[in-house]
Amino acid sequence: MSVVTTQKHDDVLVIIANNPPVNALGAAVRQGLVAGIEQALGDDSVKAVVIRCDGRTFFAGADITEFGKPPVGPNLGEALDKLEASDKPVVAAIHGTALGGGCEVALACHYRVAVPSAKMGLPEVKLGLIPGAAGTQRLPRVVGVANALPMVVKGDPISAKKALEIGLVDKIVGEDSLAADAIGFARAQIGKPVPRSSEGTKQQDAVRDPAIFDTFRRDNARSLRGFEAPEAGIQAVKATLSGTYADGVKRERELFMGLMGGTQSAAMRHYFFAERAANKIDNVDHAAPLIPIRKVGVIGAGTMGGGIAMNFLSAGIPVTIVEMEEAALSRGTGTIRRNYETSAKRGRMSEAQFESAMGLLTPSLDYADLADCDLVIEAVFESMQIKKEVFGKLDGIVKQGAILASNTSYLDVNEIAAATGRPEFVVGLHFFSPANVMKLLEMVRGAKTSDSVLLTCMKLAKTIGKVAVVAGVCPGFIGNRMLTPRQQQAQALIMEGANYWDVDDVLLEFGFPMGPFQMGDLAGNDVGWHRDPSRVETIREALCAAGRFGQKAGKGWYDYDEARNRTPSDETKAIVADFAAKAGQAQRSFTKAEIRERLLYPMVNEGAKILAEGKAQRASDIDVVWINGYGWPLYTGGPMFWADTLGLETVVAGLDRYGLPVDDSLRTKVAAGERFAG
Ligand code: T1G
């Protein structure tokens with residue numbers, strides 16, 4: 001069965017693609033499109049053409065699995081030139097997500113009609129690329145540079161309504177009558193001169209505002225820091241202002257091929273498939289029944305409990321949140337309300353959505369109110385004794401068949417499960433702070449956690465907009481376990497004479513949002529501190545004893561001004577030097593390379609151990625954890641992909657050079673010439 005077929009409706013030929021799951025523009029689809037266009041152009045009885053897709057979406061882009069392989073079949077750009085050159089009106093009928101090459105197909109059509117729920121976008125930049133089939137040349141000519149820049153450079157899709165407003169779509173048609181409405185629309189264009197996007201002149205808006213590119217760079221500098229593709233996108237759009245359309249297409253090609261051959265795009269394409277692989281659970285019976293989650297309970301209304309509750313409220317799932325005391329309860333629900341108010345003020349949600357979410361929240365001081373919950377998530381103080389007490393209590397109250405989850409970030413989920421009579425219904429759901437914002441969810445699979453519970457939680461994670469990764473039971477699971485050796489090396493480096501601000505700067509330059517000492521100041525150096533200034537055994541305790549709690553105190557590792565700009569502190573330098581002297585630690589200077597390698601190589605080694613112990617299902621899951629939970633720069637693909645890019649032998653040689661431990665599994669991989677990515 002060809003993935004592209006045609007249907008004749010009197011004088012309108014409809015070209016229909018059907019290439020599940022997302023009508024990716026693979027070689028067969030491109031061949032079918034070209035054949036369809038040639039059929040239309042070759043048949044005089046055909047006066048107009050409609051291009052549409054069966055299945056859940058219009059073309060969602062080029063087939064990413066073809067990238068990096070020798071090109072097969074017609075080039076998309078050439079196919080689209082043939083399509084656009086037609087004198088017979090060609091209409092794109094859009095539903096679902098017309099993305100990347102799919103949006104470029106639509107742009108090469110003379111008209112675009114879309115259902116109200118459709119989205120259109122050029123997300124190539126999220127793959128470290130730019131549009132490669134003239135999207136950067138046709139789009140600005142149709143919608144202007146001001147509208148095209150964010151679409152090309154940031155890659156976020158726009159709604160059909162917005163597309164109509166900016167002239168990208170010509171008409172919004174019925175949600176359930178796309179095929180017929182598109183034929184009707186196409187027939188109505190017969191005999192009129194066809195508008196070709198490549199002949200558009202809307203990009204002239206940039207001539208009236210020549211600063212538009214610099215303004216865009218300045219306004220987005222922070223979010224685009226370190227990525228190569230955005231600047232290439234700006235250059236490509238800018239090419240619409242000089243030379244001919246063909247010159248612009250040539251420039252786009254140069255920029256596109258430069259990125260396609262680069263490490264950033266390889267890393268970001270790796271991440272695209274890694275994120276999708278992460279939701280695949282190994283060794284489960286996929287036919288296991290899912291548990292319906294209609295009501296959720298949260299124990300603890302602190303920072304984590306409140307954030308966790310918001311995920312479900314925002315997804316329309318009622319939440320009962322339980323605290324021990326009224327003061328803590330109203331403080332927690334007050335924070336949830338303020339967070340929603342802020343989102344509403346910033347236009348991220350409507351007043352109605354705000355009220356409806358708050359309307360689903362039931363504060364309580366009584367565990368009994370959790371009896372009919374389908375899922376209860378515990379977010380209390382990180383103590384095994386307290387957690388076991390809570391789970392013992394929940395076991396006696398919550399209905400059988402409900403899931404009992406712990407938000408522990410370190411502790412043994414099996415030991416917690418053993419405090420109940422239903423360990424198969426116990427799982428770890430480790431959210432990251434702020435829990436209503438951070439996308440990562442470590443799903444900790446206990447020794448007895450059932451397939452139903454795992455599959456249910458994986459599906460639920462998608463419902464609440466999280467990227468879930470399965471982790472085995474071990475101290476710190478995947479993320480925190482790998483963070484420990486990095487923190488240890490950061491401490492060791494400053495004891496040996498490295499400047500703590502250089503350690504932070506090395507990670508900033510690598511692409512992390514901040515370094516370990518900045519992170520300490522943001523989180524608060526007094527978190528978990530025993531509050532006895534006379535007892536000073538670590539540098540952190542010395543900072544706390546000196547009142548250097550962090551940003552909230554205006555001083556921590558760094559001194560902070562009103563605008564929270566940081567400056568290395570002489571008092572902290574003295575505290576570190578004093579500790580090093582007391583430890584008799586010889587001092588020396590460090591290169592940035594040594595600092596980077598000593599911070600990151602031990603993480604890779606720990607990742608290898610996690611894999612060898614089966615505490616992570618696959619190396620790419622570790623990349624997903626670090627990119628979504630710890631700010632590892634996406635354009636390097638995550639710690640394991642990055643190590644593969646460097647060469648595992650280089651990592652091992654570095655660890656040996658610094659006298660740091662190397663796991664046997666890593667040495668074995670190097671000896672066998674293997675990589676983490678298999
Ligand atoms: N190519 C190949 N496979 C794809 C694919 C694509 N473009 N998009 C999705 N898949 C697979 C995906 O791996 C998964 O497989 C399944 O489809 C369902 O996807 C020339 C150069 C469309 C919004 O970047 O954003 O065009 O895991 O789980 O959550 O200028 O997929 O089931 O085996 O994500 O409903 C530009 C990428 C390409 C869009 C649907 N296009 N896709 O989300 O399902 S570059 C994109 C998405 C390009 C041109 C350039 C999303 C989606 P499996 P899913 P979803």
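The largest cavity has a volume of about 40 Å³. This is a predicted model, in which local features need pLDDT of at least 70 and side-chain atom pairs count only at pLDDT 80 or more, while totals for chains, interfaces and linings use all residues. Residues are numbered from 1 along each chain as its sequence is written, and side-chain values use heavy atoms, with hydrogens and water left out.

On a 1 Å grid over the protein atoms alone, a cavity is a set of points where a 1.4 Å probe fits but cannot get out; a pocket is an open set with protein on both sides within 12 Å along at least five of seven lines, and lining residues have an atom within 4 Å of a point. Grid points are joined across faces, edges and corners, and a volume is the space filled by probe spheres set on the points. The count by this rule is one cavity of 30 Å³ or more.

Which residues line the largest cavity? They are Phe312, Leu429, Phe431, Leu441, Cys457, Leu460, Ala461 and Ile464. Strand β15 (426-431) and helix α18 (451-463) each supply at least two of the lining residues, and α18 gives the most, with three. Such helices (H or I, at least four residues) and strands (E, at least two) are DSSP runs, numbered from the N terminus. By class, the cavity lining is made of eight nonpolar, no polar and no charged residues; here Ala, Val, Leu, Ile, Met, Phe, Trp, Tyr, Cys and Pro count as nonpolar, Asp, Glu, Lys and Arg as charged, and the others, Gly among them, as polar.

Now for an open space. The second largest pocket holds about 670 Å³. It is lined by 20 residues, and those closest to its centre are Met310, Ser343, Arg348, Asn436 and Val437. The elements giving two or more residues to this lining are α13, α14 and α15 (351-359). Ten nonpolar, eight polar and two charged residues make up the lining of the second largest pocket.

Two of those elements also pack against each other. Helix α13 (residues 303-314) and helix α14 (residues 326-345) meet at an angle of about 55°, with their axes 10 Å apart. Axes are lines fitted to C-alpha atoms, for helices over the stretch in contact, and angles run from 0 to 180 degrees between N-to-C directions. Angles under 35 degrees count as roughly parallel, over 145 as roughly antiparallel, 65 to 115 as roughly perpendicular and the rest as oblique; α13 and α14 are therefore oblique to each other. Their crossing is right-handed, a label used when the near helix is turned clockwise from the far one by less than a right angle, with anticlockwise giving left-handed. From α13, the contact (heavy atoms within 4.5 Å) involves Gly306, Ala309, Met310, Leu313 and Ser314, and from α14 Ile336, Asn339 and Tyr340. Those residues comprise five nonpolar, three polar and no charged.

Arg486, Ala490, Leu493 and Ile494 of α19 touch Tyr500, Val503 and Leu507 of α20. This contact has six nonpolar, no polar and one charged residue.

How do helix α1 (residues 27-42) and helix α2 (residues 76-85) pack? Their angle is about 20° and their axes are 10 Å apart, so α1 and α2 are roughly parallel to each other. The crossing of this pair is left-handed. On the α1 side, the contact is made by Arg30, Val34, Ile37, Glu38 and Leu41, and on the α2 side by Leu76, Ala79, Lys82 and Leu83. Six nonpolar, no polar and three charged residues form the contact of α1 with α2.

Finally, a look at the backbone. Most residues other than glycine have a negative phi, and most peptide bonds are trans. The peptide bond from Pro20 to Pro21, however, is cis, with omega near 5°, and Pro21 sits in the loop between β2 (12-17) and α1. Another cis peptide bond joins Ser433 and Pro434, with omega about -5°; Pro434 lies in the loop between β15 and β16 (440-445). Ala134 has a positive phi of about 75° although it is not a glycine, and its place is in the loop between β7 (119-121) and α4 (135-143).
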